[in-house]
Structures are given as structure tokens and as C-alpha cells.
Amino acid sequence: AQTVTQSQPEMSVQEAETVTLSCTYDTSESDYYLFWYKQPPSRQMILVIRQEAYKQQNATENRFSVNFQKAAKSFSLKISDSQLGDAAMYFCAYRTSNAGGTSYGKLTFGQGTILTVHP
Amino acid sequence: DVKVTQSSRYLVKRTGEKVFLECVQDMDHENMFWYRQDPGLGLRLIYFSYDVKMKEKGDIPEGYSVSREKKERFSLILESASTNQTSMYLCASRTGPPYEQYFGPGTRLTVT
């Protein structure tokens, strides 16, 4: 079974600075997807960024980028130029590549990291 | 925009009560999910539905059941609520490829 571990329960960053959230995972599969989700206080969880394991290039979405190290099974999220609106719980998640039909490719989540942004 | 709504943001129930949590999505998605979120444990899958009246158990189905009579609506049922079911419950629906999940706002359930 796949597992996802986020070893940092809480992180903090000054506004405009850069912060990196860590995530490691364990799997025997070679093809899969990794995700970072953001859950702001009292608001809905949204997808921040997605990485496909067969792609060597690290995914980037504006100020958010990942460092995907497949051999090390590591998937960290870097937030550049942090903003007050980045304060949230961040979840790392894993999904097998086979997600259709009854082989539903569930998401396996890490424990979450609470990010605080100081003005 | 995909919209996933849940019937209540906060709910307080007594031990032994039957509890219904409802989730509605407006994007004609076939797949819907119920998760439970607890501090230090992340999100854990309770049940999954891949079509109307079709369901699969997730990782922690004990004490829960589900109903999906219509494509847009997926209900989570606690037959006899217990205090250890106090938690945040999140519903999600999923597109076809690339199988993105969209989450509802969550229901914080307290069982006393």
C-alpha cells in the first residue's frame, strides 16, 4: 500500500520570503501522480499543483513549484514570494496512474502541514 | 466552475442518532468520494461511488454507509453516531481524465 508522509506539522514564513514544504512517499509503482492541495481556514480545499511521475521536469504554477526526486521518493513544494493568502493547511497526495472505472485510483494523503505567513 | 456543496457546515448530534450528510455536485461527474479529516491523520477515504447506485468501500468504512440514487447527490450515513465519529467530513467529485478531484467545504460533525 502507498503511504505519504509530511514530517513538518507546522511551518512559518515571512511575507515575500520563500518556504519549502516536504513530502515523502512510498510506492512500488513506476507510474503515478503526486499533488499538493491547499486548504485555507474555513474554505474549500483546492488543487495547487500536480506532477506526473513519468515527467522528469518539475511542475510549476506561478509562485508554486515542486522538487520531484523520483528515486528518493520525495516531492517538496516551494512557495516563492509568500503572500498572506498562502496561509493554509497544505496536503501532499498520491494517486496511482490507473484511475478509471472501478479501479478508482484513490488519493492517499499525508498528514498535512499548517503554513503561517507573517506580515 | 465546478461546484460541490455539502448540506451543513456544522452539525451537532447525540450518540446513537442516525445522521445524514449530503453532498451535491453540479458538473455531471460520475465519481464521488467521502473523506474524513482528523488532525495528524490527513484525509482518509470512507467510501467511493463510481456511478449511480455503485459504491466501493474505502479505507475506513466501518460505522458508515452511503447512498447514491442520483448522479449529482452522494449521501454519507452514520447509522448510529458515536463520539469517535466526531470529525470533519469532506465530499469530493471527480472529472474524467485527468481525474481531478473537487472538494466541498466540509461538514464539521460533533457527536456528544
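In chain B of this predicted model, B:T5 has B:V24 of strand 3 as its bridge partner. This pair belongs to the contact between strand 1 of chain B and strand 3 of chain B, residues 19-25, which run antiparallel to each other and are joined over 3 bridges. The two strands are part of an open sheet of 4 strands in chain B, arranged in the order 1-3-8-7 and paired in the antiparallel sense. At the edges of this sheet lie strand 1 (4-6) and strand 7 (65-70) of chain B, each of which pairs on one side only. On average, and with direction ignored, neighbouring strands of the sheet are turned by 20 degrees against each other. In a regular strand, side chains alternate between the two faces of the sheet.

In chain A, strand 8 of chain A takes part in two antiparallel pairings, one of them with strand 7 of chain A (residues 60-61), over 2 bridges, and the other with strand 9 of chain A, over 6 bridges. The hairpin of strand 8 and strand 9 of chain A has 4 residues between the strands, and here A:K73, which lies in the turn, has a positive phi of about 55 degrees.

A:K73 also forms a salt bridge with A:D26, in which the closest N and O atoms are 3.6 Å apart. Because A:K73 lies in the loop between strand 8 (64-69) and strand 9 (74-79) of chain A, whereas A:D26 lies in strand 4 of chain A (residues 24-26), this pair ties together parts that are 47 residues apart in sequence. Over all chains, a search of the whole structure finds 11 salt bridges.

The contact between the two chains takes 21 residues from chain A and 25 residues from chain B. The size of an interface is often given as the accessible area lost when the parts come together. Between chain A and chain B, the buried area is about 1900 Å², and carbon and sulfur atoms give 50% of this area. Across the interface of chain A and chain B there are 2 salt bridges, one of which is formed by the side chains of B:E100 and A:R50, at 2.4 Å from N to O. Polar contacts between chain A and chain B number 5 residue pairs, counted where both residues have pLDDT 80 or more. On the side of chain A that touches chain B, at least two residues each are supplied by strand 5 (32-39), strand 6 (46-52), strand 10 (88-96) and strand 11 (107-109) of chain A. Strand 5 of chain A gives the most to this side, with 3 residues. By residue class, the side of chain A that touches chain B consists of 9 nonpolar, 9 polar and 3 charged residues.

Methods. Residues are numbered from 1 along each chain as its sequence is written. Chains are lettered from A and ligands numbered from 1 in the order in which they are written. This is a predicted model: local features need pLDDT of at least 70, side-chain atom pairs count only at pLDDT 80 or more; totals for chains, interfaces and linings use all residues. Side-chain values use heavy atoms; hydrogens and water are left out. Two strands pair if DSSP finds at least two bridges between them. Axes are lines fitted to C-alpha atoms, for helices over the stretch in contact, and angles run from 0 to 180 degrees between N-to-C directions. Contact means heavy atoms within 4.5 Å. Buried area is the accessible area (1.4 Å probe) that two parts lose on being put together, summed over both. A salt bridge is a side-chain nitrogen of Lys or Arg within 4 Å of a carboxyl oxygen of Asp or Glu. A polar contact is a pair of N or O atoms within 3.5 Å; within protein, one must be able to donate a hydrogen and the other to accept it, and residues adjacent in sequence count only if both atoms are side-chain atoms. Ala, Val, Leu, Ile, Met, Phe, Trp, Tyr, Cys and Pro count as nonpolar, Asp, Glu, Lys and Arg as charged, and the others, Gly among them, as polar.
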